Amino acid sequence: MATLSQFDVIALRREFPILHQQVNGKPLAFLDSAASSQKPQRVIETLEDYYRRYNANVHRGIYRLSEEATFAYERARGKLARLINAPSQREVIFVRNTTEAINLVAYSWGSANVRAGDRILLTMMEHHSNIVPWQLLAQRTGAELVYLPFDGQGRLVLDDLDRLLDERVKLVAFTHQSNVFGTINPVEPIVARARTVGARVLLDAAQSVPHMPVDVQALGVDFLAFSGHKMCGPTGSGVLWGRRELLNAMPPFLGGGSMIDLVELDHSTFAAAPTRFEAGTPAIGEAIALGEAADYLQEVGLTAIHHYEQELTAYALERLAEVPGLTVYGPPAGADRGGAVSFSLEGVHPHDVAAILDQEGVAVRAGHHCTQPLHRVLGVPATTRASFYLYNLPEEIDRLVAALHKARHIFA
């Protein structure tokens with residue numbers, strides 16, 4: 001089974017400048033990649049190179065700098081298409097992040113296809129970015145939101161699909177991997193069930209594309225969204241992938257320059273996708289750097305990254321079980337468990353846990369992780385989350401556990 005050795009990871013860490021520093025006098029252990037990953041030097045240099053050497057607008061100039069920028073921008077689109085095995089790079093739309101991608105679908109596809117009395121099926125483990133846009137759509141159209149629950153181990157209750165999925169459901173939108181539980185949801189059976197009632201499917205892949213091979217053709221979804229900043233790319237970059245026939249039937253999301261075909265005084269016609277959905281000057285340098293990040297992950301090997309993260313997660317769950325009063329949420333180690341581990345420490349608020357860990361140089365996330373409905377089901381206002389990526393080491397998990405013992409001692 002392909003995975004990363006400790007020697008591989010130590011070598012990879014040298015490529016991430018930010019990891020070579022101390023925080024509060026301790027070596028940085030960055031365990032918050034589910035929020036935003038760190039960036040390798042080559043991605044940083046790619047962004048810098050654009051601004052230093054060929055900064056110009058795309059698709060507009062016939063001079064050398066503009067042509068070079070356009071070539072690099074469109075080449076990055078092709079790289080992202082290959083990353084997710086899209087049939088065509090014309091199906092790849094550059095956006096700022098997953099949130100914008102989902103809002104684009106909710107506004108453009110949703111406004112044209114969802115009516116009063118229709119239903120949108122979500123799950124109880126969704127990030128707010130895959131709830132709020134659909135709430136806004138429901139308010140505009142009179143549609144209804146319904147939710148698939150999760151069980152005590154943070155897995156979706158698929159048996160409830162028969163109850164919730166009927167001809168009223170026009171869209172099923174769900175996360176590929178939970179940012180709280182780390183659960184890797186079974187996409188194919190949900191898609192197959194949605195197809196029986198004619199529903200479209202949107203997959204929030206913000207937590208999966210950076211960590212494992214993702215193939216849109218094999219998954220069979222209609223839309224897929226992910227963010228650049230979680231996959232070693234820059235902030236302000238992301239992708240919406242959609243089936244070409246759906247994208248070209250959708251009205252624009254934003255109006256302005258670039259996205260038009262012909263503008264008259266009283267009406268306009270619009271370009272085909274992806275140009276239709278990229279109004280104005282895009283984040284050119286960020287898109288080019290995101291393409292470099294895609295190259296980087298594929299060169300390391302997403303299968304190897306995925307297997308290594310599962311090994312780290314299994315080790316973390318084993319070590320965390322040694323901490324008295326600590327409750328871990330989500331499935332046990334296994335094939336459907338990714339590298340995000342959320343937990344509560346009895347008698348200690350998650351923010352206090354995170355503050356004590358920071359004093360030990362360990363960076364984790366504390367809060368509701370933009371999943372307030374999920375946390376209400378758990379019966380806790382917040383959790384602490386440690387999340388792992390290709391540059392983390394088992395000894396950083398040891399430091400996490402040692403700091404948790406210290407937190408228990410302080411609040412005992």
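This is a predicted model: local features need pLDDT of at least 70, side-chain atom pairs count only at pLDDT 80 or more; totals for chains, interfaces and linings use all residues.
Helix 2 covers residues 41-53 and helix 10 covers residues 284-300; their axes lie 8 Å apart and pack at an angle of about 155 degrees. Angles over 145 degrees count as roughly antiparallel, so helix 2 is roughly antiparallel to helix 10.

Have a look at who makes this contact. Helix 2 brings Arg42, Val43, Thr46, Leu47, Tyr50 and Tyr51, while helix 10 answers with Ile284, Gly285, Glu286, Ile288, Ala289, Glu292, Ala293, Asp295, Tyr296 and Glu299. Sorted by class, the residues of this contact are nine nonpolar, two polar and five charged. Keep an eye on Tyr296 of helix 10, for ring pairs also link Tyr296 with Phe16, Tyr389 and Tyr391 into a cluster.

A pair of aromatic rings is described by the distance of the centres and the angle of the planes. Take Tyr73 and Phe94: their ring centres are 5.0 Å apart and their planes stand at 45 degrees, so the pair is tilted. Tyr73 belongs to helix 3 (residues 64-83) and Phe94 to strand 4 (residues 92-95), so the pair ties together parts 21 residues apart in sequence. Tyr73 counts as buried, at 0% relative accessibility, and Phe94 is buried too, with a relative accessible area of 10%.

Phe150 and Phe181 form another pair. Their ring centres are also 5.0 Å apart, but the planes are at 70 degrees, so this pair is edge-to-face. Both partners sit in loops: Phe150 between strand 6 (144-148) and helix 6 (161-164), Phe181 between strand 7 (169-175) and helix 7 (187-195), and the pair links parts of the chain 31 residues apart. Phe150 counts as buried at 11% relative accessibility, as does Phe181 at 2%.

The axes of helix 4 (residues 98-113) and helix 5 (residues 132-141) come within 9 Å and cross at roughly 20 degrees. Helix 4 and helix 5 are therefore roughly parallel to each other. Here too the crossing is right-handed. On the helix 4 side you will find Ile102, Asn103, Val105, Ala106, Tyr107, Gly110 and Ser111, and on the helix 5 side Pro133, Trp134, Leu137 and Arg140. By class, this contact has seven nonpolar, three polar and one charged residues.

Conventions. Residues are numbered from 1 along each chain as its sequence is written. Side-chain values use heavy atoms; hydrogens and water are left out. Axes are lines fitted to C-alpha atoms, for helices over the stretch in contact, and angles run from 0 to 180 degrees between N-to-C directions. Helices (H or I, at least four residues) and strands (E, at least two) are DSSP runs, numbered from the N terminus. Angles under 35 degrees count as roughly parallel, over 145 as roughly antiparallel, 65 to 115 as roughly perpendicular and the rest as oblique. A crossing is left-handed if the near helix is turned anticlockwise from the far one by less than a right angle, and right-handed if clockwise. Contact means heavy atoms within 4.5 Å. Ala, Val, Leu, Ile, Met, Phe, Trp, Tyr, Cys and Pro count as nonpolar, Asp, Glu, Lys and Arg as charged, and the others, Gly among them, as polar. Rings of Phe, Tyr and Trp (its six-membered ring) pair if their centres lie within 6.5 Å; planes under 30 degrees apart count as stacked, over 60 as edge-to-face and the rest as tilted. Buried means under 20% relative accessible area, exposed over 50%, partly exposed in between (1.4 Å probe, protein chains only).
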